[in-house]
Amino acid sequence: MHIAILTFDAFNDLDSLVAFGMLNRIALRGDADWHVRIASPARRVTSMNGLTIDAHEGLDALAGADAVLVGSGMKTRDVAADPALMEPLRVLDPARQLLAAQCSGTFLLGRLGLLGGVPACTDLTSRPWVEASGVQVVQQPFVARGNVATAGGCLASQYLVAWLLCRLKGVEAAREVLHYFAPVGEKEQYVERALGHVTPHLEPQAAMA
């Protein structure tokens, strides 16, 4: 299983790295076939807060990913306006991949025509220009339809992670990962709140996994 976290220069640290850490818990539990990768157009990218990281793979790896998570950042609109950056993203296909976007990442899925005209989530800062692009934004942290999910707010990473885990490994795997990362003393409430946002958006067979 190959999950790519699409990460551009001036990325939001929380979007990419919280998702990376939580999703990679499956590999740490011993699943050698579970691979989570930071995908970027450059070998190194620097976050909006000045953290520089090495990418695991380039954009040419996106076509082979089972799931792609699109993080946000301060230069999302610059990315959307750059044909050299957008063209490699046109391989994304919800017919054969799970696609998830957080905050301004929703803007990129919309520009690629991958939202299918359905309502989507984004953060409060991005909302005006996401709406101006023709995307209907809903005032909630998470929404999914079919193989596409969106979330709004930096700490909404957990909902995208939970959705991806539910779809790829089952609800119980998502529950276990959420429980591991949840604060002590509120683990059960944390898990139920997260799954309460996600499971209503699952196909019946996924929700019962």
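## Phe-107 and the aromatic pairs

Phe-107 has a relative accessibility of 6% and therefore counts as buried, the term standing for under 20% relative accessible area, with exposed meaning over 50% and partly exposed in between (1.4 Å probe, protein chains only). The structure is a predicted model, in which local features need pLDDT of at least 70 and side-chain atom pairs count only at pLDDT 80 or more, whereas totals for chains, interfaces and linings use all residues. Residues are numbered from 1 along each chain as its sequence is written, and side-chain values use heavy atoms, with hydrogens and water left out.

A search of the whole structure gives 2 aromatic pairs, where rings of Phe, Tyr and Trp (its six-membered ring) pair if their centres lie within 6.5 Å, and planes under 30 degrees apart count as stacked, over 60 as edge-to-face and the rest as tilted. The ring centres of Phe-107 and Trp-129 are 4.9 Å apart and their planes stand at 85 degrees, so this pair is edge-to-face. It links distant parts of the chain, 22 residues apart, with Phe-107 in helix α5 and Trp-129 in helix α6 (residues 127–132); helices are DSSP runs (H or I, at least four residues) numbered from the N terminus. Trp-129 is also buried, at a relative accessible area of 18%.

The rings of Tyr-180 and Phe-181, with centres 5.0 Å apart and planes at 80 degrees, likewise form an edge-to-face pair. Tyr-180 is partly exposed at 46% relative accessibility, and Phe-181 is partly exposed at 34%.

## Charges over rings

A charge sits over a ring if NZ of Lys or CZ of Arg is within 6 Å of the ring centre and within 35 degrees of the ring normal. The charged end of Arg-77 is placed over the ring of Trp-129, 4.3 Å from its centre, while Arg-25 lies over the face of Tyr-180, at 3.6 Å from the ring centre.

## Thr-106

Thr-106 belongs to helix α5 (residues 105–111) and is buried, with a relative accessible area of 1%. A polar atom of its side chain lies 2.7 Å from the backbone oxygen of Cys-121. Not counting residues up to four places away in sequence, Thr-106 touches, among others, Ala-101, Leu-115, Val-130 and Thr-150, with contact meaning heavy atoms within 4.5 Å.

Conventions:
Helix = DSSP H or I, 4+ residues; strand = E, 2+ residues; numbered from the N terminus. Polar contact = N/O pair within 3.5 Å; in protein donor to acceptor, adjacent residues only side chain to side chain.
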